[in-house]
Amino acid sequence: MPSQSTSRVMTSAVRILLQRGSLLIVLLAGGVVWTSCDLASAGSTAILNADSAEPPTVRHRFEYAADDATGAGQVAVQSTVQSSDLDAILSRNGFSRRDVVDARVDSVRVERVSAPSLRDVELFLGRDGPRVAGVQFSPEGRSTIVDNTRRTVTRAVQNGAEVLDGRFGLESSEDGVVRARVYYRLEVEGV
């Protein structure tokens, strides 16, 4: 039979263990609540970019005739979309334009298919929209990538802008075909 002093020591030890155990449980529970709040806020948005299963990349084509050029060797032309547009890409990813909270153009690849006199290109997302690329061509260069443009185009994307407005500078007036591939980074909410 344990002595009275041994019983008191065991009772004190159990009491201390229960107090510390309760404190530990409270701390663990608080940590779980804190983490789940953080995860919930981080999990409410998703990023769609070149690494996504359905990347937000849109291909455009510009075609112009020699008659379209002004006396200063300038031609303005709107693109036609030659791939899935942003609405289709967002839909396949389970979103729509109203879910977009941030939109940027990560890079643009511009290729002159048959535009030997093309000197420079400026591209804008939509009519009077934000500028997404500016390119200077060398006489022998066929394509160029405008990296690190990181242009914010959130409002234009939310408002439905799709086509590119192109302003081309020509060495001489002749027909031309130019392609552009726009790589977007979209942050969407509603996950």
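Mentor: An open sheet is made up of four strands in the order β3-β10-β6-β7, with antiparallel pairing. The strands at its edges are β3 (74-78) and β7 (131-136), each of which pairs on one side only. From one strand to the next the twist averages 15°, where axes are lines fitted to C-alpha atoms and angles run from 0 to 180 degrees between N-to-C directions. Please note that this is a predicted model, in which local features need pLDDT of at least 70 and side-chain atom pairs count only at pLDDT 80 or more, while totals for chains, interfaces and linings use all residues. Residues are numbered from 1 along each chain as its sequence is written, and side-chain values use heavy atoms, with hydrogens and water left out.

Trainee: What makes β6 and β7 a pair?

Mentor: Two strands pair if DSSP finds at least two bridges between them. Strand β6 (residues 118-125) and β7 have five bridges in the antiparallel sense, so they qualify as a pair. Among the residues involved, Leu123 has Ala133 in β7 as its bridge partner.

Trainee: How do you know which strands pair with β2?

Mentor: β2 is joined to strand β11 (residues 176-189) by eight antiparallel bridges. With strand β4 (residues 80-81), also antiparallel, there are two bridges, so this pairing meets the requirement as well. Arg61 takes part in both, standing opposite Arg179 in β11 and having Thr80 as its bridge partner in β4.

Trainee: Why is β4 called a strand?

Mentor: Strands are DSSP runs of E with at least two residues, whereas helices are runs of H or I with at least four, both numbered from the N terminus. β4 covers residues 80-81, and therefore it counts as a strand. The protein chain has three helices and 11 strands.

Trainee: Why is Arg185 called buried?

Mentor: Buried means under 20% relative accessible area (1.4 Å probe, protein chains only), exposed over 50%, and partly exposed in between. Arg185 has a relative accessible area of 19%, and so it is classed as buried. Arg185 belongs to strand β11. Leaving aside neighbours within four places in sequence, its contacts (heavy atoms within 4.5 Å) include Ile47, Asp102 and Asp106.
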